[in-house]
Amino acid sequence: MSRNRIAAAVTFSALGLTVLSACAGGPAETTNAAPVAVQQVAKETSVKLTATDVTGVGNVLTEQGGFTLYRFDKDTANPSKSNCENECAKTWPPLLVGDAAPELSGVDATLVGKVKRSDGSEQVTVKGWAVYRFAKDTKPGEAKGQGVGNTWFAVTPQGGKAGQAAAPAPAPEKETTKLTASEISGLGKVLTDQNGMTLYLFEKDSKKPSKATCNGDCAKTWPPLLVQGKVELQGVDPKIVGSVKRADGSEQVTVGGWAVYRYSKDTKPGEANGNGVGGTWFAIEPAGCKVGTAPAAAPQQPAAAPADNGGYGY
């Protein structure tokens with residue numbers, strides 16, 4: 001079996017060190033090279049694996065120079081086998097084992113091993129996967145090899161492959177609440193939200209003082225417009241815009257004292273299917289008043305709310 005656990009110290013013969021120094025990128029030493037010189041080369045190429053946050057890929061492994069390490073989907077992990085040879089290995093230099101076990105930082109030592117390559121050199125493995133550098137990464141912190149050919153991926157400290165979105169995503173910005181005076185066919189000028197959806201008032205609420213009474217199942221049909229960050233206004237007098245605390249502690253936008261809502265059956269901007277529902281729900285004008293039910297739309301609206309829902313329209 002080609003995969004071996006790397007012991008605390010690994011001893012190689014002088015000949016083995018000569019082969020390793022040649023595979024690491026320099027010309028092979030002649031048989032007359034002094035052992036001291038060979039040992040110096042091995043010492044300079046001691047291996048270190050560090051768990052590092054790299055922009056664009058997340059927490060992945062880097063080597064002693066700070067360069068990102070990769071794994072190759074065309075290799076195998078059980079048993080460990082490297083299939084990147086010759087020209088491939090020029091673009092993706094294997095991380096070879098020097099004369100000592102790799103130093104580890106943020107990596108479980110039980111996951112780290114080695115595999116013998118076809119030229120006899122020993123390549124570091126993590127959870128069985130041989131690891132490589134990428135020739136086009138020219139400085140620490142780069143990860144230009146991520147996703148190349150859909151087979152090369154930065155390797156995580158657990159030996160997995162970093163996904164394209166593996167880096168911690170920045171916290172999404174809170175949705176900005178916006179009120180806009182918009183023309184809606186059949187109704188005229190009414191208020192819409194930041195997504196262009198028509199806004200409504202509920203006559204069973206109160207405006208002095210402001211109070212929102214649509215909760216529970218009602219609020220599923222008529223989602224309240226909540227305050228998200230700063231409320232932006234377009235065509236609306238800021239003096240009549242405020243907020244009211246709901247039963248769940250959230251803050252709902254008010255206009256002219258009325259809490260404002262969307263309607264779940266409006267599926268796209270410009271619709272106003274909620275106007276006149278139950279004789280209690282109406283699109284709200286920029287001045288904070290209800291609009292009248294459009295004559296053309298009246299036949300489509302229920303004449304009255306069902307007796308068992310108190311006129312909530314759901």
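Buried denotes a relative accessible area under 20%, exposed one over 50%, and partly exposed the range in between (1.4 Å probe, protein chains only). The model shown is predicted: local features need pLDDT of at least 70, side-chain atom pairs count only at pLDDT 80 or more, and totals for chains, interfaces and linings use all residues. Residues are numbered from 1 along each chain as its sequence is written, and side-chain values use heavy atoms, with hydrogens and water left out.

View 1. Leaving aside residues up to four places away in sequence, Thr180 touches Val190, Leu191, Thr192 and Gln234, where contact means heavy atoms within 4.5 Å.

**View 2. Strand β19 and its pairing with β18 and β20.** Strand β19 (residues 251–255) is largely enclosed by the rest of the structure, because four of its five residues are buried. Strands count as paired if DSSP finds at least two bridges between them. β18 (residues 241–245) pairs with β19 in the antiparallel sense over five bridges, and Lys245 stands opposite Glu251. These two strands form a hairpin with five residues between them, and Gly249 in the turn has a positive phi of about 95 degrees. The hairpin of β19 and β20 has two residues between the strands, and Gly256 takes a positive phi near 60 degrees. In a regular strand, side chains alternate between the two faces of the sheet.

**View 3. Aromatic pairs.** The whole structure contains twelve aromatic pairs. Rings of Phe, Tyr and Trp (its six-membered ring) pair if their centres lie within 6.5 Å; planes under 30 degrees apart count as stacked, over 60 as edge-to-face and the rest as tilted. Trp92 and Phe134 are stacked, at 4.1 Å centre to centre with 25 degrees between the planes. Trp92 lies in the loop between α3 (87–91) and β7 (103–105), and Phe134 in the loop between β10 (129–130) and β11 (152–154), so this pair ties together parts that are 42 residues apart in sequence. Both Trp92 and Phe134 are buried. Tyr200 and Trp222 form an edge-to-face pair, 5.5 Å centre to centre and 80 degrees between the planes. Tyr200 is in strand β14 (residues 200–202) and Trp222 in the loop between α4 (217–221) and β17 (232–234), so the pair joins parts that are 22 residues apart in sequence. Tyr200 counts as buried at 0% relative accessibility, and Trp222 counts as buried at 0% relative accessibility.

**View 4. An aromatic cluster and charges over rings.** Tyr70, Phe72, Trp92, Tyr132, Phe134 and Trp152 form one aromatic cluster. A charge sits over a ring if NZ of Lys or CZ of Arg is within 6 Å of the ring centre and within 35 degrees of the ring normal. The charged end of Arg71 is placed over the ring of Trp129, 3.8 Å from its centre. Lys290 lies over the face of Phe282, at 4.5 Å from the ring centre.

**View 5. Model confidence and residues 293–300.** pLDDT is the predictor's confidence in each residue, from 0 to 100. The protein chain has a mean pLDDT of 81, and 75% of its residues reach 70 or more. Over residues 293–300 pLDDT stays under 50, and the model has seven contacts beyond four places in sequence for them. Where pLDDT is low, the predicted coordinates should not be read in detail.
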